[in-house]
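Reader: Could you walk me through this structure step by step? I am still learning how to read one.
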Amino acid sequence: MIYLNNLEIMRGTTSLLKDATATIYPHKRVGLVGRNGCGKSSLFAAIKGELAPEAGEIVIPKNWIISSVAQETPGLDETAVEYVIDGDKRYRELQKRMKVAEESHDGLAIANIHTELENAGAYTIRSRAETLLTGLGFSEKDYDTPTKSFSGGWRMRLNLAQALICPSDLLLLDEPTNHLDLDTVMWLEDWLKSYQGTLIIISHDRDFLDNICTHIIHMEGQKLNMYTGNFSSFEEERAQKIKLQAALYEKQQTRLAHLQSFVDRFRYKATKAKQAQSRLKAMEKMEKIVLAQYDSPFSFEFKECLELPQTLVHMENLSAGYPDKTVLTDVKINLVPGSRIGLLGRNGAGKSTFIKTLSGTIPPLGGNVSIAKGIKIGYFAQHQLEYLDNDETPLTHLTRIAEGHKELELRSFLGGFGFSGDKATEKVVHFSGGEKARLVLALIVWQRPNLLLLDEPTNHLDLNMREAIIMALADYKGALIVVSHDRHLLKTTTNEFYLVSEGKLGPFDGDLDDYHNYLTELDKKNEQLRKEAHREKAEEKNNAVSGKTSFKSKEQKKLEAEFREKLRPIKKEIEILDKKMAELSARKKELENQLADEKLYDAANKNELQQILLEQSKVANELEECEMLWMEKSELLEEKNREFAAL
C-alpha cells in the first residue's frame, strides 16, 4: 500500500498541501484531480522522490518499481523499438551482465542470467515493444526509424511506450492523452484496464477517467479527499457533499447570528456578562464550515452569428490533400446552420487535412466547393497557438480585432476565459499551453463565427474550461465540426459522426462505443492479415529457388508436397497455440476485472482473493509459456522454409 501521511508540500511561498493524508491500496487505478495549480504534478514529483515534502511522509513498499513518463526525448540515433525497450531497465542490466559473463567465459553466471532473462520475459520483449508502438499509432516501418527522426508529439508517445513496457508496481501518468488521437486513447484505455500494478493518473479527460479509475483523489483546500468509484461517481458524491455543506453552512450562520445578537445586547450588562462571554466562547469553538462551491473561473457564450445562410458550405466530388499526395477523394458534404459533426478516423487518415481544406488553409485539389457569401470561419488548431504575438497581452490581441469597443467591455469578456485583472495585461510569452489555447478560443468566440472548426481544442485545457466550452456550444447556432480525443466533448456537442478512412469521408452509423468495436475488429483483421502475409512470405522464400526456372518438374512438385506435409504438424501447433493464447488472454482479463472490485479485499473474502490471485499467476505463466512456444514454432517454421529454399 501507499501511505501519504500529514503531507505538506510548498511551491515557493505557496502551500499546496498541508496535513494531507491518503491511503492507496494495491491494484487500484486512482485518478488525481483538482484545479490547475493545486499541486497534482508536485505530488507526483514527491512520490517519485524528486521533491522533498516540507513535512509528513510518503511510504511506498521498498521493493516496488515506479514507472513514469519522461518529459523529454533526446534526439538519438537509437531506433524507436530499442528506445522503448530501454524502459525495461532490469532487462538492460541483465544484458550488460550477460556481456560481462560471456567475455569472462563464466558458464555458471551465463546459465543463471539466462534463467533471469527468461523470468523477466526477455524473449518476448521486442514483440511487446512492437505491440506498444503499434497501439500508440506507429507503423511497422517506424520500428527501426531513429528516434531523432520523430517530431515532439511522436517522441512523447515513445516516452509513454517506454513507461508502459517497464514491469512496474506503480505507474504514474501525467496527462498521457494530450498528444494522442481518439483511436490511441481508446487503445491506451484498454491497455491500462489490464495493467496489474497500482495506477495513479492525472487527466482532464472525464470519459478516460470514468472508464479506467476505481478511485478518485480530489486535491482541494490543501487536502487529499478520497472517493470510491470513477469520475462520475466522484462528481455525484461531491455534489451531495456540497449540498449538505450548504445546508449546514446556512444553519450555522443562523446560529452564529443568534449568538452574536445576544453578545451584542448583553456584553456590557453586568447581570448578563457571564452569559455573553460563554456565548462568545461557543462562537469561537464552533467549526467554521467553508462552503465548497464549484467556482469555475470560466464563463462565456457565443453571441448570435451576424449572418446565417441556409447553406454554409456544399462540397461535391472534392479531392483534398497536397500537391504531391491526394489524401481524400470523392467527398460530398453539405453544411447548414445547426450541423454538428464529429470526425472519426485513424491518425493520418485525413481528418485535419479535411478541416484545413474547409478553413481555406490549403486549397482543394479538385471537385466543386460552394461557400456561402457572408461565411465567417472560426478555426482552432494547435499550430495556431504559434501565431500569437509573445510580446503582446490578451488585451492587446483582442483590441486589434475589436476596434471601437471600450476597454472595460474587453476586460469583462477576457475575464470569462480566465484573464482577469493583471492577467489581461500579462505578456503571452509567460503563458502556459493551456493559457494560450484559452486566448485563441477567446479571439475566435469574439468574432462570432457561423462555421466553427475545432481540431483537438481541449489539449492542455482543464476540466473547468472544457465544461465551459461545452456549455457555450449548447446554444451555438452555426455549423460545428470537431476532431477530438475527448469523448465527453464529442458526445455533448455533436449529433452525428463522419468516418475518415481509406481516402474517403462518409457518415458513420453508430456512437462512440460502436466506433470502439469497429476499431477492435479492424485491429483483429489487420493482425490476421499480418500473420497471413508473414506466412506467405515464408512460403515465397520456400518457392524462390535460386538459379532455377519457374518451371516445376513432377519431381519438384512431389518434393514440395512432401515438404508441405512435413510442415503441417508445425502449422497445426501454431494454430492451436493461437487459439489457446486468445483464451488465456480473455481469462486473464476476467481475473483482472475481478481484482478491481474493492469488496474482494475485505477480510471475509480473503480465501476468494487468494484463489483468484493464484489462478491469475497460473494463467499469466501459461500465457507466457504459450507465447514463447509460439515464437519457437514460428521460428522453426521459418527455418524449415529457409532450408527448403536453399535446396
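Author: Let me begin with a term we shall need: two strands are said to pair if DSSP finds at least two bridges between them. Please also keep in mind that this is a predicted model.

Reader: What sheet do they belong to, and in what order do its strands come?
Author: They belong to an open sheet of six strands with mixed pairing, and the order is β14-β15-β16-β12-β17-β18. The edges are taken by β14 (377–380) and β18 (504–508), each of which has a single partner strand, so one side of each is left without a neighbour in the sheet. On average, neighbouring strands of this sheet are turned by 20° against each other, with direction ignored.

Reader: Which strands does helix α11 touch there?
Author: Helix α11, residues 351–359, packs on the sheet and touches β12 (340–344), β14, β15 (451–455), β16 (479–483), β17 and β18, while its direction makes about 150° with that of β15.

Reader: Let's switch to the three-strand sheet. What is the order there?
Author: Its strands come in the order β2-β1-β4, forming an open sheet in which the pairing is antiparallel. Here β2 (14–24) and β4 (55–59) stand at the edges with a single partner strand each, so one side of each is left without a neighbour in the sheet. The twist from one strand to the next averages 25°.

Reader: How many bridges are there between β1 and β2?
Author: Strand β1, residues 2–11, pairs with β2 over seven bridges in the antiparallel sense, and one example is Met-10, whose bridge partner in β2 is Ser-15. Helix α1, residues 40–47, lies across β1, β2 and β4 and runs at about 120° to β1.

Reader: And what joins β10 to β11?
Author: A hairpin does, passing through two residues. Strand β10 (residues 313–322) and strand β11 (residues 325–335) run antiparallel and are joined by seven bridges, with Met-315 standing opposite Ile-333 in β11.

Reader: New topic: why is helix α15 described as largely enclosed?
Author: The reasoning rests on burial, where buried means under 20% relative accessible area. Ten of the eleven residues of α15, which spans residues 463–473, are buried, so the helix is largely enclosed by the rest of the structure. Among the buried ones are Leu-463, Met-465, Arg-466, Glu-467 and Ile-470.

Reader: Which residue caps the N-terminal end of α15?
Author: That is Asp-462, which has a side-chain oxygen 3.3 Å from the backbone nitrogen of Asn-464.

Reader: I also wanted to ask about backbone angles. Which phi value does His-460 have?
Author: The phi of His-460 is near 75°, a positive value in a residue other than glycine. For background, most residues other than glycine have a negative phi. His-460 is found in the loop between β15 and α15, and with a relative accessible area of 35% it is partly exposed.

Reader: What about Glu-175, is it buried or exposed?
Author: Glu-175 is buried, with a relative accessible area of 14%. Although Glu-175 is not a glycine, its phi is positive, at about 50°, and its place is in the loop between β6 (170–174) and α7 (182–193).

Reader: Last one: how many cavities of 30 Å³ or more does the structure hold?
Author: There are six cavities of 30 Å³ or more, and the largest cavity holds about 80 Å³ of space. Residues that line the largest cavity include His-27, Arg-29, Lys-193, Tyr-195, Glu-592 and Gln-616.

Methods:
Residues numbered from 1 in each chain as written. Predicted model: local features only at pLDDT ≥ 70, side-chain atom pairs only at ≥ 80, totals over all residues. Heavy atoms only, no water. Buried < 20%, exposed > 50% of the residue type's maximum accessible area, 1.4 Å probe, protein only. Helix = DSSP H or I, 4+ residues; strand = E, 2+ residues; numbered from the N terminus. Polar contact = N/O pair within 3.5 Å; in protein donor to acceptor, adjacent residues only side chain to side chain. Axes fitted to C-alpha atoms, helices over the stretch in contact; angles between N-to-C directions. Contact = heavy atoms within 4.5 Å. 1 Å grid on protein atoms, 1.4 Å probe; cavity = no way out; pocket = protein on both sides within 12 Å on 5 of 7 lines; lining within 4 Å. Points joined across faces, edges and corners; volume = space filled by probe spheres on them.
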